[in-house]
Structures are given as C-alpha cells and as structure tokens.
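Here is a brief report on selected local features. Take the backbone points and the helix in turn.

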Amino acid sequence: MKLVLIIVLIMISVIAVVGTYMINSVTSYNIDNFLSQMNAVFTPEFILTLEETESSAADPAQELRGILEAYSGSIGVDSYRSFYVLDASTGRYLAGSDDSLSTTLELTPNMLRAMEGQVGDDVERLGRYFDVAIPINVQSGEGYIVGVMDTKQELDETNWNLFTILIRAMLFGVLVAVVLGFFLSKTITTPIERLTDQAIQIAQGDFSQKAEVYAQDEIGELTQTFNEMSGILQDNLRTIEDERAKLDTLFTHMADGVVAFDTKGHIMHINPAAEDMLGRSFWPQARYNDVFPDLELDKSTMDEDGKFIRADYSVNKRSLQVFLAPLKIGDANSGVMAVLHDITQQKRLDDSRKEFVANVSHELRTPLTNIKGYTETLMDAFDEMDAETRHRFLGIVYSEVDRMTRLVKDLLTLSRLDYGRLEVDPDSTVDLAAIARSTAAAIDMDARKQGVTVTCHLPERLSPIRGDRDRLQQVVVNIVSNAVKYNQPGGKVDLYASERDRQVVLSVADTGFGIPEEDIGRIFERFYRVDKARSREKGGTGLGLAIAKEIVEFHGGTISVVSKEGKGTTVTITLPCVTEEQSHA
Ligand code: ADP
C-alpha cells in the first residue's frame with residue numbers, strides 16, 4: 001500500500017509540476033507573441049503616419065480607424081481582439097473594430113498612461129486582458145489614443161484545454177501507477193513475506209524449511225544470509241540442547257540433592273534427589289522458606305574463600321549437610337544454589353561407633369575395677385585373711401579375667417566379621433543336627449547345675465549346609481547357653497530341627513523369663529541387654545546374639561526370635577542347604 005501510494009504521489013507531483021510549467025509557458029508565449037505583433041505594427045514610422053493623418057484629417061478618428069482597419073490583419077483582429085480610437089481628453093470610445101466597446105470599454109492603466117502622452121504597453125500576466133495604448137498627438141486636452149485590446153479568452157481556453165488534458169492524463173496515470181505499483185510491490189513484498197513466514201516458523205522451533213532465493217538482488221542476498229543464519233542458529237540450538245540434556249541427566253540422577261533459587265527466593269530447579277532427601281515435592285513457585293523452614297545460617301560456617309556457607313539440617317529423621325553458594329550467571333548474581341549431602345548413614349555409623357567404643361570401655365572397666373580392688377585387698381591384708389576368703393577373692397579375680405577374655409574374644413570375632421576376614425572353606429559342609437547335638441551335650445552339665453533340662457528332638461542327620469563348623473557351633477552355643485542362662489530351676493530347653501524348601505531350620509525353645517515385646521527388636525544390637533545386672537551376673541557380654549546374627553547372615557541364613565515375657569523364648573535359625581550344583585561341583 002505504501003509503495004503504491006508513493007508511486008501515485010510521485011506521479012501526481014510530476015504531472016502537476018509539468019502542467020504548471022506548460023500553462024506558464026503557453027501564457028508567456030502568448031504575451032510575447034502579442035507584444036512582438038504590436039511592435040511590428042506600431043513602428044515609429046507608423047505612429048508618425050498616424051500622427052500626420054490625425055493632424056491633417058477632417059475627421060481624425062474615422063481616418064485613424066480607416067488606417068488601423070487596413071492593418072487589421074497584421075494586428076490580428078478577430079472576435080477576441082479589437083482595435084479602438086479614443087478621445088485622449090475624456091477617454092471616450094470614438095471608433096474601432098467592434099462598436100460594442102463604446103459601452104463596455106473600461107479605461108485600462110495602459111490607456112491612462114497614453115492619455116498622459118506615454119506609450120502604454122505593460123501586460124500583466126494575471127490581468128483580464130492584454131492591451132497596448134499609443135498616444136497620437138496628445139497634448140493637454142487634445143489628441144487621440146489608438147490601441148489594441150485582447151480579451152485573453154483564447155489563451156484562457158487554450159490553458160483550460162491543457163488543464164483538462166493534464167487532469168485526464170493524471171487520472172489515467174494514477175490508474176496505471178496503482179496497477180504497476182501493485183505488481184512492482186508484489187515482487188518486493190512476496191519474498192519479504194516469505195522471509196517473515198520463515199522467521200515465524202523458526203521462532204516456533206521449526207527449522208525444516210529454507211526460504212527460496214528468487215533473484216540475486218538485495219532481497220535475494222538477504223534471503224541467503226537469513227538461510228545461513230537459521231542454519232547456524234539450528235546448530236547452536238542443537239548443541240545447547242545436547243548440553244542441556246546431558247546436564248539434565250546428570251542433575252536428575254546425581255546422588256546429591258540440588259535446589260536452585262532465583263533472586264526472589266523462588267525455586268528455579270530442584271532434582272529428585274533433593275525432593276527425596278527433603279521428603280516431599282515442591283510447587284515450582286515454592287519459596288526458600290518452604291524448602292528449608294528452619295535452616296539456621298551461621299556466618300562462622302562460611303568457607304575461607306567466602307564461596308559457600310555450610311549448615312547442618314535435619315528433616316524426616318535424615319541428617320543433611322547443606323552447602324549454600326551464590327549462583328552467578330556471567331557477572332550477575334542470579335540466585336542461590338543449595339547442594340544437599342545425605343549424611344544420615346555416616347552420622348548413624350559415627351554414632352554407633354562412638355556408642356560401641358563407649359560400651360567396650362565400660363565393659364572392660366568394670367572387670368578391671370573389680371580385679372584391681374580384689375588384688376589390692378589381697379595384697380594389703382593377705383596375712384590377716386583366712387584361706388577361704390583368699391580363695392573366694394582369687395576366684396572372683398579369675399572369673400573377671402575369664403569374662404574379659406570372653407569379651408575380647410567376642411570383640412575379635414565381631415571385628416573379623418566386620419572386616420570380612422571370616423573365610424569359609426568352599427568344600428567344608430556341616431550337619432547342623434550334629435552340631436546341635438554336640439552343643440547340647442557340652443552344655444548339659446552346666447544346665448543340670450542350674451536345674452534346667454536340655455532335650456534334643458533332632459533327626460539322625462540333616463542335609464549338609466556349606467559353612468564354617470566352628471562359627472556355626474558358636475552360633476548354636478550362644479543361643480542354647482542363652483536359653484539356659486535366662487531360665488529358672490526346673491525350666492526346660494528343647495532343640496528342634498527340620499528341613500523345609502531346601503532350608504535347614506533349627507529352633508531352640510526355652511521356658512525361661514522371656515523378653516519384653518519392646519526389647520525384642522533390639523536384642524541383636526551389640527551390647528544390648530534386657531536386664532543388665534542379670535546378664536552380667538550370668539557372665540554375658542551382650543555380644544552373643546549380635547555375633548550369632550552376623551555369622552548366620554554371613555552364611556546366607558536368617559535368625560528370628562519369638563518370646564513371651566514370663567513364659568519363654570524360641571530362637572530360630574534358618575540356613576540354606578547345599579544345592580545340587582554345589583554338591584556336584
Ligand atoms: P548376653 O551376653 O547378655 O547374653 P546376648 O547378645 O546373647 O548377650 O543377648 C542379649 C540379651 O537378650 C540378653 O542380655 C538377654 O537380656 C536377652 N536374651 C537373649 N536370649 C534370651 C533368652 N533365651 N531368654 C530371655 N532373654 C534372652
């Protein structure tokens with residue numbers, strides 16, 4: 001539209017300028033023509049002739065008219081142009097080529113000038129007529145004025161015709177300009193429109209099409225550059241996309257939690273590990289305070305370079321270590337990045353290690369204090385003591401040393417189990433029934449002393465299991481001795497064994513004190529005892545079941561406890577039998 005309008009405006013301006021110039025030229029030509037015609041007629045000699053005629057004639061006006069009549073061809077008299085003879089003193093029309101002038105003639109500036117004795121030949125371009133007026137013997141109050149007057153009508157008609165031709169030409173030209181302009185602008189706008197469509201498609205992420213190059217002009221060059229640019233853009237976007245995908249995978253699967261906040265404290269990114277650690281998922285617009293409701297930041301935990309702040313944070317029974325660092329994009333600060341480490345396991349291990357060391361120290365200190373106390377008393381008052389007391393004291397020292405030895409032995413076993421130093425000969429297979437029988441026999445003496453009957457309900461033999469004989473024996477000893485220890489006179493201990501689904505099952509049931517329900521879950525913990533005093537009195541270390549569990553699990557089996565306080569306890573172990581392939585191997 002703009003292009004068409006410009007073309008039309010240019011065309012109208014050109015025609016207007018040309019038209020004005022032409023009309024001006026025609027007017028000037030007419031005036032010049034008129035004046036040169038008049039100069040050619042009214043020569044000084046002709047004027048002299050006129051003057052002589054005037055002074056000698058009886059009716060000068062008619063005489064003058066007669067002479068001018070004879071020249072009417074040269075003067076160009078026609079219906080628009082006429083000559084006249086005026087009375088110089090009054091300006092009255094006396095004679096002429098057109099008598100109607102007698103009523104219509106008005107005195108023109110040229111005539112007035114002639115009445116004063118001067119030639120009047122000024123022609124105004126914009127006046128209503130052209131005229132010349134020549135004084136003939138004009139002295140004060142006498143003489144005549146001859147002149148020619150043209151109404152300019154012919155010139156006006158010519159100019160009007162010219163004007164209408166120009167207007168028609170203009171209308172036609174506008175029509176042609178509109179049509180031509182339309183097609184011309186089409187050739188420019190079509191490739192631009194295509195480029196625009198292409199740009200819109202690229203903005204929507206569709207790089208599949210290329211804009212066609214129609215000509216090797218500026219627009220063609222622009223199209224080519226545009227195509228090259230879109231190719232480069234596509235490559236760059238693909239590279240960025242690949243990088244983003246890599247980072248995304250890393251971000252999604254990394255073990256550490258990452259949460260990024262913008263400068264207003266809204267979540268920008270959060271990875272699944274972070275949501276898992278914090279125990280819930282968050283809306284995209286969640287704020288810092290929603291994620292870390294009571295995280296206390298302390299400047300003292302800032303690292304030396306001031307790059308991050310470290311804080312400990314617990315949520316949902318998890319211990320987290322949070323590192324907060326400013327998130328920089330370029331030089332601008334665009335938020336805060338929080339990295340979360342789950343240190344729950346580490347903390348738990350740390351706590352249990354501390355607890356273990358404390359327990360071990362305590363367990364060792366008690367017998368040592370007793371040994372020291374009794375030996376000191378023995379040394380100080382050896383002579384004053386009777387033999388029986390000495391013997392009793394030494395017996396106590398002996399049993400304390402014995403307890404310490406057992407404790408150290410148990411600790412060594414546990415540490416071997418912890419470090420995986422327990423080795424099993426791959427060819428060694430054992431029969432759990434035989435182990436149970438020999439254990440029952442070994443313990444029988446002690447049991448009898450306590451008034452407890454141990455009974456075996458065992459098959460002749462059980463399917464072999466792969467394992468370490470001594471260790472498995474230790475498991476059974478620990479379980480059976482507990483059943484005897486935590487029993488009362490008249491109590492019973494029964495050993496049962498059977499096979500189920502390629503598993504050997506051994507149960508030791510007693511009629512002892514039983515274990516309170518709330519303690520059952522903890523009796524496999526190291527040093528955990530339900531009744532500390534009783535355990536110690538019975539020479540227990542608090543490690544028996546822990547060791548049993550470790551060994552059974554090392555052999556791929558399970559251990560479980562069912563107990564009722566005051567009624568008795570049944571401990572069951574299950575161990576896998578040697579498979580067909582193993583036995584053939
Ligand atoms: P301890 O050396 O003290 O016997 P254990 O690890 O063998 O240590 O057992 C842990 C605790 O479990 C014991 O102190 C005791 O309180 C309880 N317990 C184990 N076996 C029995 C049982 N058969 N009857 C009752 N309580 C038992």
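## The loop at F527

F527 sits in the loop that links α15 (517-520) and α16 (532-537). The model is predicted. F527 is not a glycine, yet its phi is positive, about 70°. Most residues other than glycine have a negative phi.

Is F527 buried or exposed? F527 has a relative accessible area of 6%. The cut-off for buried is under 20%, so F527 counts as buried.

## The loop at R502

R502 also has a positive phi without being a glycine, at about 55°. R502 belongs to the loop between β13 (492-500) and β14 (503-510).

The relative accessible area of R502 is 47%.

## Helix α7: D156 and N159

Helix α7 spans residues 153-203 and includes D156. N159 lies in helix α7 too. D156 is partly exposed, at 42% relative accessibility. N159, in contrast, is buried, with a relative accessible area of 12%.

Which residues does N159 touch, leaving aside neighbours within four places in sequence? The contacts of N159 are I23, V26 and T27.

## A negative surface patch

D156 is also one of the residues in a surface patch of negative charge. D78, E154 and E157 gather there with D156.

How values were computed:
Residues numbered from 1 in each chain as written. Predicted model: local features only at pLDDT ≥ 70, side-chain atom pairs only at ≥ 80, totals over all residues. Heavy atoms only, no water. Patch = residues over 30% accessible without salt bridge, like charges linked within 9 Å, V, L, I, M, F, W, Y side chains within 5 Å. Areas by Shrake-Rupley, 256 points an atom, 1.4 Å probe, with all protein chains shown as cover. Salt bridge = Lys/Arg side-chain N within 4 Å of Asp/Glu carboxyl O. Lys, Arg positive; Asp, Glu negative; His and termini not counted. Charge placed at Lys NZ, Arg CZ, Asp CG, Glu CD. Helix = DSSP H or I, 4+ residues; strand = E, 2+ residues; numbered from the N terminus. Buried < 20%, exposed > 50% of the residue type's maximum accessible area, 1.4 Å probe, protein only. Contact = heavy atoms within 4.5 Å.
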